[in-house]
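Thanks for coming, everyone. Please bring the structure up on your screens.

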Amino acid sequence: MEHGYEEHMVRRRAELMDRMRAALVVSGRDIDSARLLAVSKTVGVDEVVAAMRAGYTLFGENRPQELARKLEALAARDDVSAGAYRFDMIGNLQTNKINMVLGRAALIHSVRSAKLARAVSDRVVRAAEAAGRPVVPQPVLFEVNVSGEESKSGFAPAELRESLEELAEMPGIAPQGLMTMAPRGDESVARRTFCGLRELRDTCAELCPELALPELSMGMSEDFEAALAEGSTIVRLGRVVFDPLFAL
Ligand SMILES: *Cc1c(COP(=O)(O)O)cnc(C)c1O
């Protein structure tokens, strides 16, 4: 790792926390109402450890194999304590990789369809039955394609509204909220997307009150302040955390 990386991480984290706090205060929100998830998908375990030393505790990976690899490498290190961090799964999840993620990801952000939700739920229930243990539901977020871009995955908003009752009844998942990705490059489009996710969540709460969806996972390196202004509770930051050349 390059000399000075740890100093950079400490400085950058302080700047990021300041920017997050300012964005929350301006929107009249509590300063502890949003968390920073550090997206470590492009870096190695040494960088993750440097991030932990700088104060990050919440990480995200987008590939199941890489999630498993990093957790294994971290568990083997004696300079990292086991309870000091948590990893979430934020990327595209295929049905045949669900078992690799269960027991590893604290929260799966990327449940993009009722079919995938069902598959996760079934596997959780089956694993509990096989082990003779009570079912502990897997915390999940439903990924929504708010902007309707072809290239993006996720529930269409109408599809999510129509699936709520079915999702609420799945015994192996514990829905916590919604996640989205905004189109790149245009701040006003990004903000509309985030606003759309919040409004969809509010509609869902009216349609299906037994399904509480407090978490809104939205905002990345280029648009996290707009996301915080629209109610984000988890910003997923990659480059701005780990890339010293990415200007804040
Ligand atoms: C890579 C990634 C991020 C982080 O993106 P940056 O622009 O580097 O902050 C956030 N969310 C998801 C789902 C990602 O794949």
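**The ligand and its surroundings**

Start with the ligand. Around it sit Val39, Lys41, Ile90, Met181, Arg184, Met220, Ser221, Arg236, Leu237, Gly238 and Arg239, each with a heavy atom within 4 Å of it. This is a predicted model, where local features need pLDDT of at least 70, side-chain atom pairs count only at pLDDT 80 or more, and totals for chains, interfaces and linings use all residues. Residues are numbered from 1 along each chain as its sequence is written, and side-chain values use heavy atoms, with hydrogens and water left out.

By class, that shell has 5 nonpolar, 2 polar and 4 charged residues. Asp, Glu, Lys and Arg count as charged; Ala, Val, Leu, Ile, Met, Phe, Trp, Tyr, Cys and Pro as nonpolar; the others, Gly among them, as polar.

Now the polar contacts, meaning pairs of N or O atoms within 3.5 Å. Which distance separates a ligand oxygen from a side-chain N or O atom of Lys41? That distance is 2.7 Å. For Arg184, a ligand oxygen is 3.4 Å from a side-chain N or O atom. Arg236 has a polar side-chain atom 2.9 Å from a ligand nitrogen. The protein covers 92% of the 390 Å² of accessible area that the ligand has on its own, by the Shrake-Rupley method with a 1.4 Å probe.

Last, the whole chain. The C-alpha atoms fill a box of roughly 50 × 45 × 35 Å along the principal axes.

Conventions. A polar contact is a pair of N or O atoms within 3.5 Å; within protein, one must be able to donate a hydrogen and the other to accept it, and residues adjacent in sequence count only if both atoms are side-chain atoms.
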